[in-house]
Amino acid sequence: MEALLAAENLSKHYKDVVALNDVSFEISDGITGILGENGAGKSTAIKIFLGLLQPTSGSATILGENVSENILVRSRLGYMPEHDCLPSNVTAAEFLTHMAEVSGLPPAHARSRAADTLRHAGLFEERYRSMGGYSTGMKQRVKIAQALVHDPAIVLLDEPTAGLDPAGREEMLELVRKTHREFGISILFSSHLMADVERTCDRIVVLQGGQLVQSGEVKSFTEETETVFIEVDSNRDELVTALEKRGVSVTADVGGLYVEGSDETVYDHVRDALVEAESPLRRMGPRRRALTEIFEREGDDFSGLTKGVES
Amino acid sequence: MTTPGNSVEGQRGESSRAAEGTVFDIGYQHYDGPREGRNRARLSVFKDGLKVSLGLGRGPKSKILPWMFIGVLVLVALIMALVAGAGDRLVGDGTAEALDLPSHSDFYGIASIILFVFAAISAPELLCPDRRDGVINLYLARPLTGSDYIVARWFSFFTVMLLVVWLPQIILLTGLAMGDPKPSDYLTENWLDIPRFLGAGAAIAAYTTTLAMLTAGFTTRRAYASAFLVGLFVITTPFTTGLAAEIGGTTGQWISMFNLSNIPVHVNDVIFREASEVTAHAPAANFDNWILVSWFFAWTLVPAGILWSRYRRLSP
């Protein structure tokens, strides 16, 4: 698959501070997360790809072009910055129309795209209200809408869930997933929240201190474990008793039960125990490891992962 | 993709059935229309600047200040036209000229302080909020450079200033022509005033636009920029006038050159080949025309260069 975005030996120094150090990776179609702590170099990488910063060395190409050399590539890019970027005294409809025009769309097309994009972002009813009165969640939606209004081939989202409450965060992640799944737009998603990246992205690039420490498919990091996860609607305690009676090691948390064992006899014991306890089964399957567990296992920070860099 | 299952039909009576419509959720549509690149981006920033400056498409509060200033300037022109016209009609043809009543060559001098205050209040609105709210980050991530942005914004406000300086002069011309017993004769005799007030107006517009935009380019707070500019224009006049009169001689003349309000009015005087009422007694007016014009260009082009240089390197 052709790379939509590629970094090759990319470095960026601010005097004595190294923001990016010899970073190389490629991103193809799908949702890719750039994961890293604050100051890891995520925003710097995004700004270099957009041509807003010049790299100290190396190259960054997006859609096969270096943006610094061909600014018109930006007509096919969307960018959602981390920080505030919305004027307060303008309506969302007017703002998006203007942003579409600045991306190169003629006025009539820009107006139509603005209305459509606000509808997809769930702001159609609010489009003629000044944005100063919007909630944080609504502002985040306008921010992502302005990145999509000109139908880009790829959007770069810088910490899109920053400042959102859990419900707003969930809505934003759903909008990000929808942007790729339904709109067919590829996404580069920067975040320091592993759970957001794990739940939303197909691939991750992990940066720490300006260096690439991991990259690859999310599912390759969250491989199946030898634990079976079970979730039932009722009779949980009876099920635990029935499993323990069969000599199966079981632990429980608020989410469900975890049964240790890789061989198929474990599933037979679970089946029999479910029958005995008369527990309605909601969900069962091998448990996948969470990204957070990987980082916790390797230490309190990302440093333990430097061994696993993929070229 | 059409999904009739998602249709929403109006719940109206038989009488309005003809007006009923059906809304379909056609899903996300990719855009395959024209993409006009950098020129469209520049034009859009330019148009947006016009709207911001004049409060168009904004609430009533945004319209009050610009249109109040335009109204005052038009009123000044109307009064000048009425006085001259009344003199000619009531006392006799040529009275206005004989009494040396203010005309086109005097208008910019008389109105200069209003023009400067208008620029000081309105121009920062084009630059300060974009940086304060972070909108500049979105502009620079599109097919638009920092240079494109600042040039488009400069031309926006320059266009507004042209409207503000030319409109009263056109009204004054119309009033003076209508006040003459033979309007066509008035236009034939005074047609040269038209290119002169257009040229002098363009000089004033370029000068005020550049200084106001430069100040706005260094702060994210519109109020700071406005207060600084008003102070600059208002304070330099009594300060330089007093000091120039005290010192006298060539030094006094040069001090008088730093009266920022008078710099474009001297160009107006050069164009009209007569001193306006405001600059007639300024020591700087005794300098050769080329010095006055060069001084004007220095005070316009150097700030423009600094402004351009600042935005050319701007990054989010």
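Let's start in chain B, where the axes of helix α4 (residues 104–122) and helix α10 (residues 222–247) come within 8 Å and cross at roughly 160°. Axes here are lines fitted to C-alpha atoms, for helices over the stretch in contact, and angles run from 0 to 180 degrees between N-to-C directions. Since angles over 145 degrees count as roughly antiparallel, α4(B) is roughly antiparallel to α10(B). The crossing of this pair is right-handed, that is, the near helix is turned clockwise from the far one by less than a right angle. On the α4(B) side the contact is made by B:Ile113, B:Phe116, B:Val117, B:Ala120 and B:Ile121; α10(B) brings B:Ser226, B:Leu229, B:Val230 and B:Phe233. Contact means that the C-beta atoms of two residues, placed from the backbone, lie within 7 Å. By class, that's 8 nonpolar residues, 1 polar and no charged (nonpolar: Ala, Val, Leu, Ile, Met, Phe, Trp, Tyr, Cys and Pro; charged: Asp, Glu, Lys and Arg; polar: the others, Gly among them).

Before going on, keep in mind that this is a predicted model, in which local features need pLDDT of at least 70 and side-chain atom pairs count only at pLDDT 80 or more, while totals for chains, interfaces and linings use all residues. Residues are numbered from 1 along each chain as its sequence is written, with chains lettered from A and ligands numbered from 1 in the order in which they are written.

Zooming out, chain B has 13 helices and 2 strands, both being DSSP runs numbered from the N terminus (helices H or I, at least four residues; strands E, at least two). Of its 316 residues, 39% count as buried, meaning that 20 or more other C-beta atoms lie within 10 Å of a residue's own, again with C-beta atoms placed from the backbone. Among chain B contacts between residues at least 6 apart in sequence, 75% join residues at least 24 apart.

Now for the neighbour: 34 residues of chain B are in contact with 35 residues of chain A. On the chain B side, the elements giving two or more residues are α1 (37–54), α5 (124–133) and α6 (135–140). α1(B) gives the most, with 7 residues. This side of chain B divides into 14 nonpolar, 12 polar and 8 charged residues.

Over in chain A, look for an open sheet of 6 strands in the order β5-β6-β7-β3-β8-β9, with mixed pairing; two strands pair if DSSP finds at least two bridges between them. The edges are β5 and β9 (211–217), each pairing on one side only. Neighbouring strands are turned by 15° against each other on average, direction ignored. β5(A) runs parallel to β6(A), joined by 4 bridges, and A:Gly78 stands opposite A:Val155 there. Both faces of β5(A) are covered, with A:Leu77 and A:Tyr79 buried on one side and A:Gly78 and A:Met80 on the other. Next along, β6(A) and β7(A) pair in the parallel sense over 5 bridges, with A:Leu157 opposite A:Phe189. Helix α5 (residues 166–181) of chain A packs on the sheet, touching β3, β6 and β7, its direction making about 155° with that of β7(A).

A:Asp151 has a positive phi of about 55° although it is not a glycine; it lies in the loop between α4 (136–148) and β6 (154–158) of chain A and counts as buried, with 24 C-beta neighbours inside 10 Å. A:Asn9, in strand β1 (residues 5–14) of chain A, has phi near 50°, but A:Asn9 is exposed (12 or fewer neighbours), with 12 other C-beta atoms within 10 Å.

Definitions and conventions: Parallel < 35°, antiparallel > 145°, perpendicular 65-115°, else oblique.
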